[in-house]
Number of protein chains: 2
Amino acid sequence: MSQAQPSQTQQAELAQLVSQGLVTDPASPKGRLLAASAQLFKQKGFAGTTVRDIAAEVGILSGSIFHHFPNKESILKAVMAEAILTCLARMESAVAKLETTPARFRALVRCELEAIHGISGVGFTLLTSEWRCLSADSQAEILKLRQRYEGLHREVLADAKAQGWTQVEPFLLRHFMRGALAETSNWFHLNGDLSLEDLVDQICLAAGMRPS
Amino acid sequence: MSQAQPSQTQQAELAQLVSQGLVTDPASPKGRLLAASAQLFKQKGFAGTTVRDIAAEVGILSGSIFHHFPNKESILKAVMAEAILTCLARMESAVAKLETTPARFRALVRCELEAIHGISGVGFTLLTSEWRCLSADSQAEILKLRQRYEGLHREVLADAKAQGWTQVEPFLLRHFMRGALAETSNWFHLNGDLSLEDLVDQICLAAGMRPS
DNA sequence: ATCAATACCAAGCGCTTGCTTGGCAAGCAT
DNA sequence: ATGCTTGCCAAGCAAGCGCTTGGTATTGAT
């Protein structure tokens with residue numbers, strides 16, 4: 001189980017999110033609990049993971065978990081919220097820094113792939129795979145974050161269509177992209193033959209993201 | 001919860017699979033158990049579905065399930081095996097009927113989308129979403145079927161690359177396609193604004209499956 | 001020195017889980 | 001008529017589940 005090494009700038013971004021209170025300090029007991037939970041949820045699924053599993057992973061007893069969270073589901077909700085907020089922050093800063101649509105598209109693809117493959121936290125894929133394990137209320141809460149996230153994608157894809165980089169409708173293309181990117185978690189591995197950078201290139205190529 | 005109406009030719013294909021012993025007669029008690037299980041596994045996940053849920057769905061008591069299956073996991077395995085065998089049969093007959101590579105590609109996309117959206121049985125999406133719930137032995141067993149399935153796809157994509165219809169490596173393109181197609185289960189709905197036929201067209205377009 | 005907050009343990013409660021056992025009834029071939 | 005197979009019920013067991021309660025040790029602020 002290789003762990004991705006966060007870069008210095010990523011640590012700085014994380015520290016900022018922590019100081020804003022949007023993300024839990026990963027060194028704190030609660031933060032370690034969240035990280036262990038995300039790991040286990042990804043491995044065995046939310047329903048397949050017991051609170052005893054989580055507690056054992058961080059070296060406490062199962063009952064002690066409920067000093068930090070009111071119930072098991074709230075752990076999943078927190079993992080999801082922090083995963084998407086972390087990715088969103090990186091995406092927004094990347095888009096702000098870049099000018100052209102293809103560069104922005106590429107950056108978004110890169111950010112999403114980095115999130116999926118655990119560059120900072122392993123919880124991102126849970127947003128889709130364990131979505132149904134959230135209560136309706138929690139789903140609504142997380143959905144707001146997802147809409148900010150998807151909106152950013154759709155904006156860039158709309159620009160791409162307007163500028164003739166693709167012929168596919170933004171909402172359709174975004175669905176295709178989301179699926180293709182999410183699926184990489186099942187076959188692509190960092191430190192494998194194909195680099196993440198190459199993967200991004202191939203995805204842009206396959207998406208037909210080139211002038212018509 | 002709208003149910004797709006199987007066509008006459010699909011019913012004939014199904015009957016043949018049943019007579020070969022590859023698929024359980026859906027009218028039999030065991031077949032009804034499989035259909036109900038697939039439905040519930042899709043709704044609530046394998047770990048989130050209890051044997052009492054399944055039993056209630058077909059109107060029996062939970063213990064009676066184990067007259068038909070040795071354990072809960074074997075139900076999932078059977079659902080997966082029958083789903084992939086059904087789809088595989090349709091794919092092989094479609095490819096055999098068609099001559100050109102683009103036509104075959106389109107047919108495979110169509111078959112997979114039909115399987116995903118429950119044209120015959122709702123179990124197909126479980127192959128990915130509930131894969132980790134299978135024991136290692138069961139995974140190996142189902143993997144053989146999946147390899148036949150993926151092999152067929154990869155053959156057609158290899159032809160496509162050789163004939164200049166795409167620039168992306170077959171194994172990469174197949175991963176992208178699988179993800180994009182699987183994701184449709186989260187947003188596309190039969191009887192919606194977009195027809196399945198249109199969806200297939202848009203996917204072929206987005207895949208860049210056109211002469212270079 | 002005192003107080004309050006934080007992080008955890010020890011024990012266990014009430015419930016649900018997958019699964020077992022023994023038996024009953026209907027259908028069917030002999 | 002008999003015996004066998006199939007499909008199910010009734011009852012319940014052992015284990016595991018999420019979560020609660022009451023208490024303790026440590027820490028930093030007052």
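Chain B is superposed on chain A by a rotation of 180° with 0.0 Å of shift along its axis, at an RMSD of 0.0 Å, where the superposition is by least squares on the C-alpha atoms of residues with pLDDT of at least 70 in both copies. Because of these values, the relation is that of a two-fold axis. The same surface serves both copies, in that 100% of the contact residues of chain B recur in chain A, contact meaning heavy atoms within 4.5 Å.

This is a predicted model, in which local features need pLDDT of at least 70 and side-chain atom pairs count only at pLDDT 80 or more, whereas totals for chains, interfaces and linings use all residues. Residues are numbered from 1 along each chain as its sequence is written, chains are lettered from A and ligands numbered from 1 in the order in which they are written, and side-chain values use heavy atoms, with hydrogens and water left out.

**The interface of chain B and chain A**

The contact draws 28 residues from chain B and 28 residues from chain A. About 2,400 Å² is buried between the two chains, with carbon and sulfur atoms giving 63% of that area; buried area is the accessible area (1.4 Å probe) that two parts lose on being put together, summed over both. On the side of chain B, the residues that lose the most area to chain A are B:R132, B:F176 and B:W187, together 26% of what that side buries.

Four salt bridges are found across this interface, a salt bridge being a side-chain nitrogen of Lys or Arg within 4 Å of a carboxyl oxygen of Asp or Glu. The side chains of B:E130 and A:R132 meet in a salt bridge, at 2.5 Å from N to O.

**DNA strand D**

DNA strand D is surrounded by 17 residues, of which A:T50, A:K72, B:L61, B:H67 and B:H68 are the closest; a residue is near the strand if one of its heavy atoms lies within 4 Å of it.

| Residue atom | Atom of DNA strand D | Distance |
|---|---|---|
| A:T49, backbone N or O | phosphate oxygen | 3.4 Å |
| A:V51, backbone N or O | phosphate oxygen | 3.0 Å |
| A:S62, side-chain N or O | base nitrogen | 3.2 Å |

Methods
Polar contact = N/O pair within 3.5 Å; in protein donor to acceptor, adjacent residues only side chain to side chain.
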